[in-house]
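Here are my notes on the structure you asked me to look over. They are written for someone who has not worked with it before.

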Amino acid sequence: QVQLFESGGGLVQAGGSLRLSCAASGATFSSYAMGWFRQAPGKDREFVVGISGPRGWTWSIDSVKGRFTISRDNAKNTVYLQMNGLKPEDTAVYYCAIGQRMDGPIEIVPTASYEYMTWGQGTQVTVSS
C-alpha cells in the first residue's frame with residue numbers, strides 16, 4: 001500500500017521561500033505521476049503543480065509559474081515543491097498525491113483530484129504580509 005509523508009511547511013514572510021518534501025513508500029515511485037494540491041480556508045482544494053512519470057514533464061497553474069518548481073528524486077522516492085517569492089495568497093494546507101502509473105510512450109500531468117489515488121496528510125504553509 002502506498003503511503004505519502006509530507007514535511008517542510010511553516011510560517012514565512014511574504015517574498016520568502018519554503019521547500020516541501022513528500023516521501024513515498026510502497027510504490028515504484030519513478031513510474032507514477034505526482035502532484036501538489038492546496039486548500040485555503042473556505043476554498044476548494046486546487047491543483048498547484050504536477051510532474052509526469054519517467055519523462056518528468058511538469059505543469060503548474062498560472063499563479064505559481066516562475067515561483068514554484070516541482071522536482072523528484074527517484075533514488076529517495078521523494079518529490080519536492082520549491083516555493084519562492086511566496087505571497088499571502090499562497091497560504092493553505094499543501095497536499096502531495098500520487099497519480100497514474102505511466103509506462104507508455106505518452107505521459108501527462110494529471111490536474112484533477114480524481115486522477116490521484118493516494119494523498120498525504122497535508123502540511124500547513126502560512127505566508128505573512
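The points below concern a predicted model, and they go from strand pairing to charged side chains and then to a separate sheet.

1. Start with strand S4, residues 32–39. Seven of its eight residues are buried, so S4 is largely enclosed by the rest of the structure.

2. With strand S9 (residues 92–101) S4 pairs in the antiparallel sense, over seven bridges. Within that pairing, Trp 36 has Cys 96 of S9 as its bridge partner. Strand S5 (residues 46–51) also runs antiparallel to S4, and five bridges join the two. Here Arg 38 stands opposite Glu 46 of S5.

3. S4 and S5 form a hairpin with six residues between the strands. In this hairpin Gly 42 takes a positive phi, near 75 degrees.

4. How many salt bridges does a search of the whole structure find? The count is four. One of them joins Arg 38 to Glu 46, with the closest N and O atoms 2.7 Å apart. Arg 38 counts as buried because its relative accessibility is 6%, under the 20% limit. Glu 46 has a relative accessible area of 33% and is therefore partly exposed.

5. Arg 38 has a further salt bridge, to Asp 90, where the closest N and O atoms are 3.0 Å apart. This pair links distant parts of the chain: Arg 38 belongs to strand S4, Asp 90 to the loop between strand S8 (78–83) and S9, and 52 residues separate them. Asp 90 is buried, its relative accessible area being 1%.

6. Asp 90 also forms a salt bridge with Arg 67, and the closest N and O atoms are 2.8 Å apart. Again the pair links distant parts of the chain, 23 residues apart: Arg 67 is in the loop between strand S6 (58–60) and strand S7 (68–73), and Asp 90 is in the loop between S8 and S9. Arg 67 is buried, with a relative accessible area of 11%. Through shared partners, the salt bridges join Arg 38, Glu 46, Arg 67 and Asp 90 into one network.

7. Glu 115 deserves a separate look. Its place is in the loop between S9 and strand S10 (118–119). Leaving aside residues up to four places away in sequence, Glu 115 touches Gly 99, Gln 100 and Pro 110.

8. Finally, there is an open sheet of four strands in the order S1-S3-S8-S7, with antiparallel pairing. Its edge strands are strand S1 (3–7) and S7, each of which pairs on one side only. On average, neighbouring strands of this sheet are turned by 15 degrees against each other, direction ignored. S1 and strand S3 (residues 18–25) run antiparallel and are joined by five bridges. In this pairing, Glu 6 has Cys 22 of S3 as its bridge partner.

Notes. Residues numbered from 1 in each chain as written. Predicted model: local features only at pLDDT ≥ 70, side-chain atom pairs only at ≥ 80, totals over all residues. Heavy atoms only, no water. Buried < 20%, exposed > 50% of the residue type's maximum accessible area, 1.4 Å probe, protein only. Pairing = 2+ DSSP bridges. Salt bridge = Lys/Arg side-chain N within 4 Å of Asp/Glu carboxyl O. Contact = heavy atoms within 4.5 Å. Axes fitted to C-alpha atoms, helices over the stretch in contact; angles between N-to-C directions.
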